[in-house]
Amino acid sequence: MKSTPRCSNEISLTEIFKHARPTPLLCLLVVGLAYSAVAQQPPQWLKFQPLANQEVYLSMRASTGQAFDIQISSDLKQWDTWRTVSPADSEYFSFLAATNQLFAFTDPFTRLVQHRFYRAALADTNALTGDHLATAQGDVVIHPIHHGTFVMSWAGKMIYADPTGGAIAFQGLPPADLLLITHIHPDHFDTNTLQAVKGPSTRIFAPQNVFDAMPGSLKSITTVMPNGATASPTGILIEAVAMYNTTPGRLNFHPRGLGNGYILTIGGKRIYISGDTEDIPEMRALKNIDVAFLSMNPPFTMDVRQAVSAVREFKPRVVYPYHYRGVKMGPTGPDFTQPVTQDIDLFKELVGTELGIEVRLRHSWYTKLEVGDRLETDQGDLIIHPIHHSSVAMEWAGKTIYFDPTGGSAGVQGYPAADLILISHIHGDHFNTNSLAALKGPNTIILAPPTVVAVMPGSLREIAFEMTNGATANLFGLSVEVVPSYNTTPGRPFHPKGVGNGYVLTLGGKRVYHAGDTEDIPEMRALKNIDVAFVPMNPPFTMDVNRAANAVREFKPRVVYPNHSIAPPLLGGILDGAAQDVSRFKQLVGTDLGIEVRWRRWYVDY
């Protein structure tokens with residue numbers, strides 16, 4: 001969609017970033033962009049950083065309540081809207097202050113092009129947020145909801161795919177004009193949700209067995225679509241395509257002929273919705289697909305191996321992995337012989353760049369602890385869910401454990417009450433009394449250094465226990481060891497020795513290390529038999545990428561999460577972005593020692 005000024009006689013400056021490959025030269029350009037005199041100030045660009053994987057990281061600050069479009073161009077003449085975002089959209093924003101919000105993202109498409117320019121324009125406050133697909137007849141806006149559910153808008157029409165979750169999941173969205181149901185399973189077909197989202201002109205398209213299970217009020221607006229059928233409502237061509245299982249032992253999950261995938265042709269663009277399927281011949285034979293939604297949830301659908309192989313064969317321009325849940329950790333890292341079955345980051349890595357396929361990872365398919373990495377223990381799976389910066393939530397044996405929860409009550413909204421909270425030190429990005437109060441439950445225990453316990457309000461101090469370096473505790477069937485966490489470099493008095501804590505938890509025979517804020521101290525390098533490590537990479541306060549990689553290669557955790565690696569401008573430019581590039585960290589750790597590096601969504605869409 002070509003952009004036009006909103007008010008031609010009111011001009012203010014906004015910043016545009018240019019990404020150029022293959023040369024390392026990166027430029028910041030400033031051009032005029034129109035805003036209404038009564039509108040809020042335009043967003044302020046904060047950061048443009050090339051990453052080692054050839055993607056770029058961008059961030060901006062915007063006024064609270066402001067919605068805007070991120071626009072892209074290859075020549076500074078033709079501008080297309082890439083995403084519409086708003087402060088209410090948790091996919092992109094994290095709270096900074098009462099009047100400001102942070103928007104941050106990585107752009108994977110920069111791996112595929114020579115030039116890329118960006119700018120921000122104010123959007124209507126009621127605009128549907130999401131990614132844009134330009135068509136010959138206006139943009140399609142793609143808005144993930146949950147699991148296998150998403151909505152799209154185009155030319156004033158609302159298209160709902162497999163809506164579930166009840167009315168609350170679609171609060172604030174217009175009623176559906178088109179409803180597509182892939183199959184009868186309850187995570188794809190829910191009559192209460194259909195009743196809640198239908199409007200006066202809704203038309204539903206579904207397989208026969210879904211139609212048979214509908215009440216009369218829905219049957220009257222439903223068209224049965226067997227595999228191979230087509231329909232053309234409201235200027236959109238709908239093709240019902242096959243979706244089914246092929247692996248022995250899985251055939252009954254989705255028998256052939258009972259469910260549909262769909263191809264929508266909208267304004268000359270072809271959008272493929274896979275439904276619940278494996279990598280069937282009909283998928284591999286698809287041609288000219290612009291956007292594909294691909295399920296990755298074995299044993300019901302594809303694993304990483306199948307999904308990557310299929311995508312590299314039918315070559316969509318853009319692919320969204322969806323319908324996925326937690327991922328297992330293999331003993332020596334992810335490969336096709338171990339139980340890493342639905343890791344979307346691994347999917348992106350293995351799809352590669354040479355075929356020009358853009359992999360879009362959108363984390364709003366799932367919320368909070370509903371999805372996370374899983375590590376098998378002697379007493380059930382440990383579920384690991386990064387929250388933000390250094391904050392981590394874990395579930396194990398019916399207990400919920402938090403490291404350094406911060407962000408106030410909003411930062412932990414939706415998370416369950418804590419059984420155990422571990423605080424590393426007193427700094428505000430690790431210790432927040434409002435977050436602790438929000439997570440406090442009837443059985444909560446807090447372990448923290450004496451300096452932290454001393455400043456807690458009474459309601460928290462009464463459930464807190466002082467823990468110093470070398471202390472141990474046993475509770476809930478797990479053990480806690482307190483290890484040192486401190487700075488060693490002259491001129492870095494940020495974390496004195498003996499004041500802060502790292503922690504090693506042993507649960508079900510597995511050992512989890514949360515380093516706190518530290519450099520690569522001897523006590524870290526001497527650790528043994530660590531299964532999962534959270535390692536900070538945020539100089540000058542903690543380690544840089546080289547020291548972090550060297551330390552990890554010495555104590556050899558099975559899995560390492562680099563965390564606490566916030567983008568430099570957010571702290572006034574004090575930090576060196578190259579020194580905390582997580583892609584570079586992964587390269588330096590390497591693969592020869594069998595250490596699996598996991599980067600997770602610590603910062604909005606980064």
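**A sheet and its helices**

Tutor: Let us begin with one pairing in this predicted model: strand S22, which covers residues 318-322, is joined to S24 by two bridges, and the two strands run parallel.

Student: Which residue in S24 is the bridge partner of Val-318?

Tutor: That partner is Glu-358, which lies in S24.

Student: And what is the strand order in the sheet?

Tutor: The sheet is open and has seven strands, in the order S17-S18-S19-S20-S21-S22-S24, and the pairing is mixed. Strand S17 (230-231) and strand S24 (358-359) stand at the edges, and because each has a single partner strand, one side of each is left without a neighbour in the sheet.

Student: Which strands does helix H5 touch?

Tutor: Helix H5, residues 304-314, packs on the sheet and touches strand S20 (269-273), strand S21 (291-295) and S22, while its direction makes about 160 degrees with that of S21.

Student: Which residues of H5 are buried?

Tutor: The buried ones are Val-304, Gln-306, Ala-307, Val-308, Ala-310, Val-311 and Phe-314. Those buried residues pack against S20, S21 and S22, and also against helix H4 (281-284) and helix H6 (344-351).

Student: Why would residues three or four places apart point the same way?

Tutor: An α-helix has 3.6 residues a turn, so residues with that spacing point the same way.

Student: Back to H6, then: at what angle do H5 and H6 pack?

Tutor: They pack at about 35 degrees, with their axes 10 Å apart, and the crossing is right-handed. From H5, the residues Val-304, Ala-307, Val-308, Val-311 and Arg-312 meet Leu-346, Phe-347, Leu-350 and Val-351 of H6.

Student: What about the ends of H5; what does Asp-303 reach at the start?

Tutor: A side-chain oxygen of Asp-303 comes to within 3.1 Å of the backbone nitrogen of Arg-305. Following H5 there is Lys-315, which has a positive phi, near 55 degrees.

Student: Changing topic, how many helices and strands does the protein have?

Tutor: There are 13 helices and 38 strands in the protein, and 58% of its 606 residues count as buried.

Student: What about the contacts and the surface?

Tutor: Of the contacts in the protein with a separation of 6 or more, 60% are accounted for by residues 24 or more positions apart. The accessible surface of the protein comes to about 23000 Å², and 53% of that belongs to carbon and sulfur atoms.

Definitions and conventions. Residues numbered from 1 in each chain as written. Predicted model: local features only at pLDDT ≥ 70, side-chain atom pairs only at ≥ 80, totals over all residues. Heavy atoms only, no water. Pairing = 2+ DSSP bridges. Helix = DSSP H or I, 4+ residues; strand = E, 2+ residues; numbered from the N terminus. Contact = heavy atoms within 4.5 Å. Axes fitted to C-alpha atoms, helices over the stretch in contact; angles between N-to-C directions. Buried < 20%, exposed > 50% of the residue type's maximum accessible area, 1.4 Å probe, protein only. Polar contact = N/O pair within 3.5 Å; in protein donor to acceptor, adjacent residues only side chain to side chain. Areas by Shrake-Rupley, 256 points an atom, 1.4 Å probe, with all protein chains shown as cover. Left-handed = near helix turned anticlockwise from the far one by under 90°.
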